[in-house]
Amino acid sequence: MVAPGSGHGLREGSSLRLAGITKYFPTPDDPAVRTHVLDGVSLEVAPGELVSLVGPSGCGKSTLLRLVAGLGAPEAGELWVGTEPIRAPSAERGLVFQDPNLFPWLTVRRNIEAGLSARGVLREKQHEVQEFMRLVGLEGFAQAFPHHLSGGMAQRVALARAMINHPRVLLLDEPLGALDAFTRMRMQDEVLRLWEARGITMLLVTHDIDEAIYMSDRIVIMTPRPGRIERIIPVNLERPRQRNSAEFLQLRSDILELLHFASRTPQATAERQTANGA
Amino acid sequence: MNTSSVPIKEPVRLPVAPEAMLSTERPPAGQVAAFCWCTILAVPVAATVALTIHRLIAKNEPVADTRTFTLFLSCVLITFVAAGLVQPFWSGLRRWMAHMCPILAAAVGLLSAWELITTGFRLLPLPYFPSPASVLQSLWNDRFLLCESTGNSLLLLLSGYALGVLVALVTGVCIGWYRHARYWGMPLLKVLGPIPATAWVPLAMVLAPNGRSAAVGLVALAVWFPVAMLTISGIANTRASYLDVARTLGAGQGYLIFRVAIPAALPSIFIGLFMGLGTSFLTLIVAETVGVKSGLGWYVSWAQGWAEYGKVYGALVIMAAFFSTIMTALFKLRDRVLSWQKGVIKW
């Protein structure tokens, strides 16, 4: 509906810059051997842009997201949000996982408040809790405990909990992956609504090509270990997008072909490198 | 009561009656009305039977020894007749009675059987196996001393338990959360913890200024190990993703420990609290028998010294009530604190 940054509503998003990110993980059975997870990933995201990361499993998409969140540091490369380097987790970069990870000992309301109480600003910002509960349509479930919620509802609580801190970047790690097809489509519209309303920069990891095309401004296609950016595809379809339009389907088959090719690249076979070899 | 032919026939037939009643109650569950009436009548019938047996058996005993038991059985009878009359108008009571009456009737039946075995047929040697009447009588005679002993035991238990839990939570959270505390603290816990607290009695007697503080220390030590161990495991096994989420919400160390790790560890901590409570009962009684000059444990060994087994059994009855009440209180506390688990885990 709107080009990034030109939307109505708020503009809380901030730009994101990744430069030459390289990351290794120790192999569980042999700490001396390291798995090369990410190899020189560079990416610039404009404020308020919605970018999807797509790729075969094990290509380091989630690792990249965790690095942006500050949950870990890369072996090489730099991460910037706006003009600040990323060194540690911060409420400015919200993270939503596939599992909602709601605190089971807190009610829905307290879970959403957790974003505020973690920063110690619950008293000043108390009035926003109601607003965010309404934003995700959960006013009637304030006192429910997480295990009473359906998957879609739980994920909405997780979104509200991350959004209540007014993050400048929202990182979504397959947030809708565990939902059934119908709930997923509805939730995609909800996330888009939140995105448009608040103008947040979003980085979305997904396995679902349709979801990536439906939601994002650009799609980043990654190769498996070590994860590299294979191609960045801009999606210039008008919003709201039609899932069965000819352009949509054409883009879909192009990306599928690309992914198929990507998973067959020779790099995929060179999975592990020893620490001194890298 | 004064006919001599009845007592011989009665004991043979009547002890079976409560049992028979129980067995006939269960099958016709389909007929609600009949089921209800059988249930409601179970306790009064059992009490009447027990009273009859008691009157017949105890007529040769001194009245002072048997009066309390007569009174007790009469109270049971009157209470349950009254409850049976009130229950049509009080649904809560009716539900409670439908649930509890069979087991209470069985308990009264057991008392009767006990009396038959001891005073009735004199199958067991005295003074080691007194009749329920004389146990009740010694309970009543010693009521002030027993109340005082129970109070002292409670004070000792609670102070020892509270101290132990407090120290255990602090050590458990530190060891569970901080890597360095784990490195230095865990071996200490693993080596010292498994020693039964009662094995420290000789050392406690030397180190503590008096018997009371020795007992408190021993109870605390007994509680410390299981609670600390399960706190550590609870804290260390906090789902990493909860901590990750909290970090991305801007949480600091304090929030991560007190608002994420500890709540996440609470189910495990409560298991430790229950285990600790069990060991604390044991340690309390041992500590009281060796060091302290009051309390239920002391009372039992004192009564045993005088071969007053009625008092020993009386104290055991009090202990049963005392410990199970405390256990129930902890269960209630857990249900409150962990109410969020309802529907997640069945205990």
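This is a predicted model: local features need pLDDT of at least 70, side-chain atom pairs count only at pLDDT 80 or more; totals for chains, interfaces and linings use all residues.
Biologist: What does β9(A) pair with in the parallel sense?

Modeller: That would be strand β3 of chain A, residues 50-54, which pairs with β9(A) over four bridges. There, A:Val54 is opposite A:Ile221.

Biologist: Remind me, what holds paired strands together in a sheet?

Modeller: Backbone hydrogen bonds do that, whether the strands are parallel or antiparallel.

Biologist: Is β9(A) mostly covered or mostly open?

Modeller: Mostly covered: five of the six residues in β9(A) are buried. Buried here means that 20 or more other C-beta atoms lie within 10 Å of a residue's own.

Biologist: What's the whole sheet like, then?

Modeller: It is an open sheet of six strands in chain A, with mixed pairing. The order is β6-β7-β8-β3-β9-β10.

Biologist: Which strands are at the edges?

Modeller: β6 (93-96) and β10 of chain A, each of which pairs on one side only.

Biologist: And how much are neighbouring strands turned against each other?

Modeller: By 20 degrees on average, ignoring direction.

Biologist: Changing topic: how many residues does each chain bring to the contact between A and B?

Modeller: Chain A brings 22 residues and chain B brings 15 residues.

Biologist: Which elements matter on the chain B side, counting those that give two or more residues?

Modeller: Those are α11 (240-248) and α12 (253-290) of chain B. The largest share, seven residues, is from α11(B).

Biologist: What kinds of residues are they on that side?

Modeller: On the side of chain B that touches chain A, nine are nonpolar, four are polar and two are charged.

Biologist: Last one: what domains does chain B have, and how far apart are their centres?

Modeller: The domain assignment gives domain 1 (6-124) and domain 2 (143-341). Their C-alpha centres in chain B lie 39 Å apart.

Definitions and conventions. Residues are numbered from 1 along each chain as its sequence is written. Chains are lettered from A and ligands numbered from 1 in the order in which they are written. A residue is buried if 20 or more other C-beta atoms lie within 10 Å of its own, exposed if 12 or fewer, and partly exposed in between; C-beta atoms are placed from the backbone. Two strands pair if DSSP finds at least two bridges between them. Two residues are in contact if their C-beta atoms, placed from the backbone, lie within 7 Å. Ala, Val, Leu, Ile, Met, Phe, Trp, Tyr, Cys and Pro count as nonpolar, Asp, Glu, Lys and Arg as charged, and the others, Gly among them, as polar. Domain bounds come from an automatic or database domain assignment. Axes are lines fitted to C-alpha atoms, for helices over the stretch in contact, and angles run from 0 to 180 degrees between N-to-C directions.
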